[in-house]
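Here are my notes on this one, as numbered points. Have a look at the model first, then read on.

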There are 2 protein chains.
Amino acid sequence: MDMSERKRSILRAVIELYIKTAEPVGSKTLVQMPDFHVSSATLRNEMAELEIMGYLEHPHTSAGRVPTAQGYRFYVNELMNAYRLSVEEAERVRLAFQEKMAELGNMITKAGRMLSQMTQFPVYTMSSSTKAVPTVKRFELIPVDAYSFIIVIMTNTDVVKNRLVRLPFPQHPEGIRGLAVLLNRYFTDLPAKDFSEEAVERCAAAAGGAGALIAIVLEFARQVLDAQTDRGFYLTGTSNILNYPEYQDVNKARALMDFLTEENSGKLPEPDERDNVNIIIGPENVEKELRDSSVIVVSYDIGEGQKGVLGVVGPTRMDYAKVAARLSYIAQGLKRMLQGEALPPFEP
Amino acid sequence: MDMSERKRSILRAVIELYIKTAEPVGSKTLVQMPDFHVSSATLRNEMAELEIMGYLEHPHTSAGRVPTAQGYRFYVNELMNAYRLSVEEAERVRLAFQEKMAELGNMITKAGRMLSQMTQFPVYTMSSSTKAVPTVKRFELIPVDAYSFIIVIMTNTDVVKNRLVRLPFPQHPEGIRGLAVLLNRYFTDLPAKDFSEEAVERCAAAAGGAGALIAIVLEFARQVLDAQTDRGFYLTGTSNILNYPEYQDVNKARALMDFLTEENSGKLPEPDERDNVNIIIGPENVEKELRDSSVIVVSYDIGEGQKGVLGVVGPTRMDYAKVAARLSYIAQGLKRMLQGEALPPFEP
DNA sequence: CTTAGCACTCTTTGTTCTTGAGTGCTAATC
DNA sequence: GATTAGCACTCAAGAACAAAGAGTGCTAAG
């Protein structure tokens with residue numbers, strides 16, 4: 001049984017109708033469409049064959065057809081027309097970008113919120129370091145007054161963090177500056193776990209009076225380096241799923257929502273390849289909690305050694321073309337913003 | 001009609017049963033309790049009076065009694081026994097604090113997650129500045145190499161932020177250090193909106209070649225100061241509400257969930273007074289989206305000029321005593337952690 | 001004041017029946 | 001050989017109805 005042109009267009013019609021209505025599609029509905037000039041009986045025969053081929057299924061005898069995961073997959077790979085944002089929509093997004101991002105706050109967070117609002121689906125964002133082990137590239141200690149100084153730490157991932165430290169005893173600014181030199185000598189380009197006791201002692205010996213501060217600085221360095229492996233997880237719009245009939249069953253909704261949390265951020269799909277929009281359909285998901293849902297996910301470059309991940313979660317009946325288009329548009333904008341570029345009216 | 005001792009204990013029993021079961025409480029159920037040595041008829045009479053007094057109500061003729069908001073209020077004010085965490089529970093929390101907090105990340109966030117897990121309700125946290133207008137207390141510019149330097153900004157709220165700036169043209173370290181002095185002269189203790197054109201020009205004139213960098217530094221300062229008014233909102237455990245029968249109606253659940261978002265953080269209850277556990281019952285809420293729910297909220301001191309808010313949202317049928325106890329226990333722990341104290345086995 | 005008793009109300013649950021959408025199959029038609 | 005008309009069949013969903021059960025309010029007696 002081969003995939004005739006007519007079968008393809010029937011399959012496409014069934015899927016697109018089902019995406020819109022969430023109702024099983026029957027032969028009668030199809031016959032009313034202007035696209036088909038055949039009788040309902042013919043459509044029934046074709047649909048029966050599509051069912052045998054695995055693209056459609058049947059909740060029960062007297063119901064219309066519903067796409068299977070395999071059906072969606074075929075649709076995504078072969079049938080789907082690329083969705084192009086309308087000029088208005090693209091412009092609206094661009095303006096929102098300009099405006100919202102100017103408010104500062106976390107740009108990534110804001111972009112996630114925008115995307116969720118546009119798609120009406122939950123959206124997750126995270127960033128994951130691609131550089132293997134984070135190390136300190138440079139220590140900087142700035143004396144503020146006799147009782148306090150600021151630690152500034154730059155990592156090999158070009159992240160800069162600081163902390164104001166208050167001391168219970170006065171400390172000479174020169175001692176602090178000297179300590180910085182020593183710290184840079186002993187502890188740069190070293191993963192946190194290699195901050196050895198021994199090195200601390202040698203450094204303390206060289207530092208004299210300021211040696212007592214080493215532990216404080218290194219503790220902060222450890223925290224910063226640990227935070228580098230942090231996934232910076234953010235999630236919005238989960239409650240949107242309650243809008244869709246597939247999650248009217250509270251248990252299903254809860255199962256998905258419980259899964260979509262920071263704790264599980266490591267289990268959420270990440271794209272296999274940079275800048276590629278990945279579509280994972282229902283049972284294709286590794287995690288069983290996602291097997292009834294689909295995920296569209298993309299990654300984008302941010303700074304050196306870091307990539308960002310942006311994903312949309314929804315029912316398998318999801319307008320893949322539209323969501324993918326919006327997702328990649330936002331990712332594109334985000335990438336530019338993060339690189340500090342101005343925002344040209346980028347490609348829709 | 002006065003509130004006899006017996007009425008009080010009947011009211012308490014009804015409320016506590018209803019909190020446990022979410023089922024209307026009838027006279028038969030009460031008569032089975034060992035606490036009452038009267039007949040069901042007597043209980044019925046008493047309950048009818050409690051209903052007239054406004055503490056109970058009746059979904060329909062043949063149903064048991066359900067507490068009204070007024071009933072809960074009376075319970076909270078007069079009837080409720082303070083709930084004391086068991087030693088085991090307190091100890092468990094203390095250990096979790098020690099462990100989880102050591103992982104760093106945002107302590108407040110972690111505490112929120114713990115509380116949500118303990119109560120099985122959604123929890124929100126935010127911090128709000130109590131100091132009126134944020135200003136820069138001190139600018140610090142650290143030259144890194146000819147093409148880059150780090151801006152460090154300390155605010156009057158003792159927040160320190162920094163940013164690495166790359167320049168398209170080389171800049172002499174001395175010029176940068178000189179600029180720092182000028183910035184501190186012209187722009188400290190000044191709200192962001194008073195960074196006038198005029199002041200920028202005067203400063204630029206004095207700075208010479210490095211004057212071009214003023215705009216960059218001030219832009220960052222503006223961002224930092226704006227972020228100071230940020231509420232640092234965090235929310236967890238929203239999906240928990242789906243566990244409770246009062247939110248089995250998907251529309252109700254969605255209404256609440258849609259309301260519980262960052263955008264509405266300003267509308268969420270904040271305690272009237274520092275360190276006081278506030279209980280807001282159903283219709284007592286200002287926001288109509290919360291009128292079917294209750295909120296327990298507390299604030300705690302963090303650093304100077306900042307207070308933190310920690311709140312729990314749940315159905316009006318909520319174990320007020322238990323939740324309040326847990327909430328304030330966590331808030332207490334959080335406060336200590338944030339003040340950098342070690343964790344003694346604090347009061348349950 | 002308390003309680004036993006009883007009629008009454010209203011929700012909940014289960015049952016049965018009907019309706020209608022949609023199918024699969026067969027036989028006739030192009 | 002592909003298409004179509006026709007028809008019997010299936011099954012979910014909804015309506016209508018009945019029965020059960022929980023709980024009430026009231027009355028009259030203790």
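1. How many salt bridges are there between chain A and chain B? The count is 4, a salt bridge being a side-chain nitrogen of Lys or Arg within 4 Å of a carboxyl oxygen of Asp or Glu. Among them is the one that joins the side chains of Glu263(A) and Arg113(B), at 3.1 Å from N to O.

2. Some housekeeping: the model is predicted, with local features needing pLDDT of at least 70 and side-chain atom pairs pLDDT 80 or more, while totals for chains, interfaces and linings use all residues. Residues are numbered from 1 along each chain as its sequence is written, chains are lettered from A and ligands numbered from 1 in the order written, and side-chain values use heavy atoms, without hydrogens or water.

3. On the protein-protein side, 30 residues of chain A are in contact (heavy atoms within 4.5 Å) with 31 residues of chain B. About 2600 Å² is buried between the two chains, 59% of it from carbon and sulfur atoms; buried area is the accessible area (1.4 Å probe) that two parts lose on being put together, summed over both.

4. Now DNA strand D, which has 21 residues around it, counting those with a heavy atom within 4 Å. Arg6(A), Ser39(A), Thr42(A), Thr61(A) and Ser27(B) come nearest.

5. For chain B, an N or O atom in the side chain of Arg65(B) is 3.2 Å from a phosphate oxygen of DNA strand D.

How values were computed
Polar contact = N/O pair within 3.5 Å; in protein donor to acceptor, adjacent residues only side chain to side chain.
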